[in-house]
Amino acid sequence: MHLVIGTGKVGVPLSRLFEASKIPALSTSRSGNVPTPLTGVAFDWTDKSTFEDPFSLAEAESDVIQSIFMTPPKVIDMLDQMRPFIDFAAKIKGVKRFVLLSASIIPPGEIAHGAVHKYLADLGVEYAAIRPSWFFQNFYALPSRLFYTDLMNNSVVSSTGSSKLGFVDARDIADAAFHAMTDNVPLNGSCIVFGPELLSYAEVAASFSSVTGRTITHRDLSRSEFKERAMRLLSLPEPYAEAMALGEDQIKNGVEEKFFHDGVIDSEDKEKKEIWFGKISIQHYFQENKEDLFLR
């Protein structure tokens, strides 16, 4: 049995891959309620009383949890909140494999996801850090669609200038995570997940325009405007909004483009890497979802 922590953009399609493959898996939410027909269990990173629940459910079915996919909490000090459960699962329950949802431009040892990534590597468990580029779903799924789009002004927003990203569909990310959880040989490194092409926000806006029949443009924000917008529309604490702004700075400086072409950000980072290119194009994604109210 496998455990998928989180029912967000990646967690749900990942859980559905397990369902379709008839491999037992549990999905978590704070309430324990998950989309049908997935099997849910209550879990909260900050509530130690929920840590035992998925293992008890597995044991009731005469099974054990073999791997855990982890969607981190939205805090900068992710390791502080995640370490107690990771230690509980690895050291007490004997879970052998952990798969972390991280981000393309955050290597092991850096802030937020990077600290958790390094902790897993140092812990000696089997692990993979799934490090995707920016999600297509940022333009579609709440609450991020309210942040990256400004429908009243027919625009998409960022502070990345004309630089490009390897935008990727969450289903392609879930596919990479599914393999990282179930492959016989553990990755023990990073799986960098890109979409099939590099795109600037202006090119994303052009795809929007072709699908919706509206003229959508890219509005390039200043760094301070981007950070303020993140705090206001996503209700993010200042440190997390600052980290998002830092990511935009890196993209504007061409880091993502270099990573897409070379597979390297930091020459000092010698960790094993696998580059995974998704199959779903952004044009296909927008076309697939054009009837949604968001695109009208």
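Student: In which loop is the place of Pro 143?
Tutor: This is a predicted model, with residues numbered from 1 along each chain as its sequence is written. Local features need pLDDT of at least 70, side-chain atom pairs count only at pLDDT 80 or more, totals for chains, interfaces and linings use all residues, and side-chain values use heavy atoms, leaving out hydrogens and water. Helices (H or I, at least four residues) and strands (E, at least two) are DSSP runs, numbered from the N terminus. Pro 143 lies in the loop between strand E6 (126–132) and H5.

Student: What is omega for the peptide bond joining Leu 142 and Pro 143?
Tutor: That bond is cis. Its omega is about 0°.

Student: Is Lys 22 buried or exposed?
Tutor: Lys 22 is not a glycine, yet its phi is positive, about 60°. It sits in the loop between helix H1 (11–20) and E2. Buried means under 20% relative accessible area, exposed over 50%, partly exposed in between (1.4 Å probe, protein chains only). At 74% relative accessibility, Lys 22 is exposed.

Student: What is the relative accessibility of Asn 154?
Tutor: Asn 154 is in the loop between E7 and E8. Its phi is positive too, near 50°. It counts as partly exposed, because its relative accessibility is 28%.

Student: Within what arc do the buried residues of H8 fall?
Tutor: In helix H8 (residues 223–233) the buried residues are Phe 226, Lys 227, Arg 229 and Ala 230. They line one face of the helix. The arc is that of the directions from the helix axis to the C-beta atoms. Seen down the axis, it is 160°.

Student: Which helices and strands do the buried residues of H8 pack against?
Tutor: Contact means heavy atoms within 4.5 Å. The partners are helix H5 (144–148), strand E7 (149–150), strand E8 (155–158), strand E12 (217–220) and helix H9 (238–252).

Student: What radius of gyration does the protein chain have?
Tutor: The chain has eleven helices and 13 strands. The globule rule, 2.2 Å times the number of residues to the power 0.38, gives 19 Å for 296 residues. The radius, taken over C-alpha atoms, is close to that, so the chain is as compact as a globular protein of that length, at 19 Å.

Student: How much of the protein chain is made up of buried residues?
Tutor: The C-alpha trace spans about 55 × 45 × 35 Å along its principal axes. Of the 296 residues, the buried share is 53%.
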